[in-house]
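Here are my notes on this model, as numbered points. Please read them with the structure open.

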Amino acid sequence: MQNLSSRLARGSLWITASRGLVNALGFISTIVLARLLLPSDFGLVALGMTMLLILQSFTNLSLAQALVHHREPTRGHFDTAWTLNMLRGLLLGGLFSAVGPVVAAFYGDPRLANVIYAFGLSIFMSGLANPRRIMLQKELIFWQDFVLNVSQKMIGVIVGIAVALIYRSYWALIAGTLVGQLAQVVISYTVLPFRPRLTLKHARELWSFSVWLALSQMINTINWRFDQLLIGKFLGSTDLGYYTVGNNLAVMPTREATSPLTQTLFPAFSKFANEPGRLRHAYQRAQALVTAIALPLGVGMALIAEPLVLLAMGEKWLPATAVIEALAAIIAVQTIGSQVVPLGMSLGATRLLFVRDTQLFFVRLPLIMAGMYVYGLQGVIYARVITGLVATLVNMLMIRRLIALPVRKQLGANLRCILAVLVMSAAVWAAQRMFAANHGLVQLLFEVVTLIGIGAFTYGASSAALWMIGGRPAGPEREMLDLAGKARARFFNRG
């Protein structure tokens, strides 16, 4: 158990470094491109990307998860996975490109056909990915993933910004994506040498695990992407640009705080799948730590949304502020039950995950349609908040079913975190009253830095105070202290 915890800690550090660099690059790319391009450019590309992701989800074979779940995958399993993905990419890429003119006519924008053609090529390239890469996660080895992710993102960002500077066109967004994806495929075969062979020998075996997971991911993708199709059709590409960029910025702090640990949880939980007590304990520790990190970051992002948007992207992006404020907070709240996915996968409960995603889809669809019809983009935001709360409750009920962990205990593990976030929110809100409504870039930078500092200090101080008042119980505070102690000891030992 101790060795596994140590490997998880090291893995989380590698993933943290990777995600931190990747998203620092992504954030820089977003603000630079937002200065150079129009909101409608982002909306146009987001429309094509949404269609791409939905189409891919309908035929997602979930072979990577099947390889992780398999106890001892052989060379034949990897060859089969590569063959299936290659055939899928070839077929879907052709079909997607073929419907480009029809889609462009439906949305009334001829440029959309070019976007569809480009993303058709993207589908084909994704089918050529090295299937051995997933074994890095299975064996809890993450430094090579660091090389792959950072290299891909850096190349994509450089190309995207270069094209934007030269042409000031939506092609900058597409070029960055395509070149980055191509770089990832090439580098993956360099880091993990693999010469694939065509075979379908183990297709049925791999599919038997992944069928329900694939269906779950299909409905989940539709669930979280259909709103963009509706906004693009009925509200236009400009509103879709505000919504897409706002949503991407809103999800960034929570996603990046949870991804380092979440990526290690599926293989880690799988090791305890036949030991209910240890699995329950491992889940509680992981979930409390994820929320203690993600909740203040998400709520903090919501609190500083307006000065951050003005500083980073300018007044033309100000309508995206409402999207960030609402979605950053509700996405952070959802982390309380978000680890249900790796938990369910580790227990082989992929059918149950599909049922959950289907239920949430039929809650989310009518609410978002009604909200958009009545209040436009603001109505979509209201609907997202309501469905986020519903999803959190559904996830917690599912966790109770999977590992017999009562909802009150799930909430109780996060009580100190919730109280500390409330203290932080009050302090930041009060500090915001000190700043003038209209100010320049220097003043905006000072405001953002000041608010972040106040939020970090008040959250850390109140968390520590509540922990000590409670008798220093086991929880995320102790986990962070232990991780910091191990990192410090390792540093001094090397020195």
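**Notes on salt bridges and helices**

1. Glu-477 is buried, with a relative accessible area of 15%. The model is a predicted one. Glu-477 forms a salt bridge with Arg-416, and their closest N and O atoms are 2.9 Å apart. Glu-477 sits in helix H21 (residues 476–494) and Arg-416 in helix H19 (residues 415–432), so the bridge ties together parts 61 residues apart in sequence.

2. The structure holds eight salt bridges. One of them joins the side chains of Asp-41 and Arg-111, at 3.7 Å from N to O. Asp-41 belongs to helix H2 (residues 39–58) and Arg-111 to helix H6; they are 70 residues apart. Asp-41 counts as buried at 7% relative accessibility. Arg-111 is partly exposed, at 28%. Asp-109 joins Asp-41 and Arg-111 in a network of salt bridges.

3. Asp-227 and Arg-364 also form a salt bridge, with the closest N and O atoms 3.4 Å apart. It links helix H10 (residues 203–234) to helix H16 (residues 350–375), across 137 residues. Both partners, Asp-227 and Arg-364, are buried.

4. Arg-364 has a further contact: Thr-387 touches it, along with Val-363 and Leu-367. Thr-387 lies in helix H17. At 5% relative accessibility, Thr-387 counts as buried.

5. Helix H17 (residues 377–403) has 27 residues, and at 1.5 Å a residue it should span 39 Å; its end C-alpha atoms are 39 Å apart, which agrees. Ala-404 follows H17, with a positive phi near 55°.

6. Helices H6 (residues 111–126) and H9 (residues 171–191) pack at about 10°, with axes 10 Å apart. That makes them roughly parallel. The contact includes Phe-119 of H6 and Trp-171 of H9. By class, it has nine nonpolar, five polar and no charged residues.

Methods. Residues are numbered from 1 along each chain as its sequence is written. This is a predicted model: local features need pLDDT of at least 70, side-chain atom pairs count only at pLDDT 80 or more; totals for chains, interfaces and linings use all residues. Side-chain values use heavy atoms; hydrogens and water are left out. Helices (H or I, at least four residues) and strands (E, at least two) are DSSP runs, numbered from the N terminus. The expected span of a helix is 1.5 Å times one less than its number of residues. Axes are lines fitted to C-alpha atoms, for helices over the stretch in contact, and angles run from 0 to 180 degrees between N-to-C directions. Angles under 35 degrees count as roughly parallel, over 145 as roughly antiparallel, 65 to 115 as roughly perpendicular and the rest as oblique. Contact means heavy atoms within 4.5 Å. Ala, Val, Leu, Ile, Met, Phe, Trp, Tyr, Cys and Pro count as nonpolar, Asp, Glu, Lys and Arg as charged, and the others, Gly among them, as polar. Buried means under 20% relative accessible area, exposed over 50%, partly exposed in between (1.4 Å probe, protein chains only). A salt bridge is a side-chain nitrogen of Lys or Arg within 4 Å of a carboxyl oxygen of Asp or Glu. Lists of a residue's contacts leave out its neighbours within four places in sequence.
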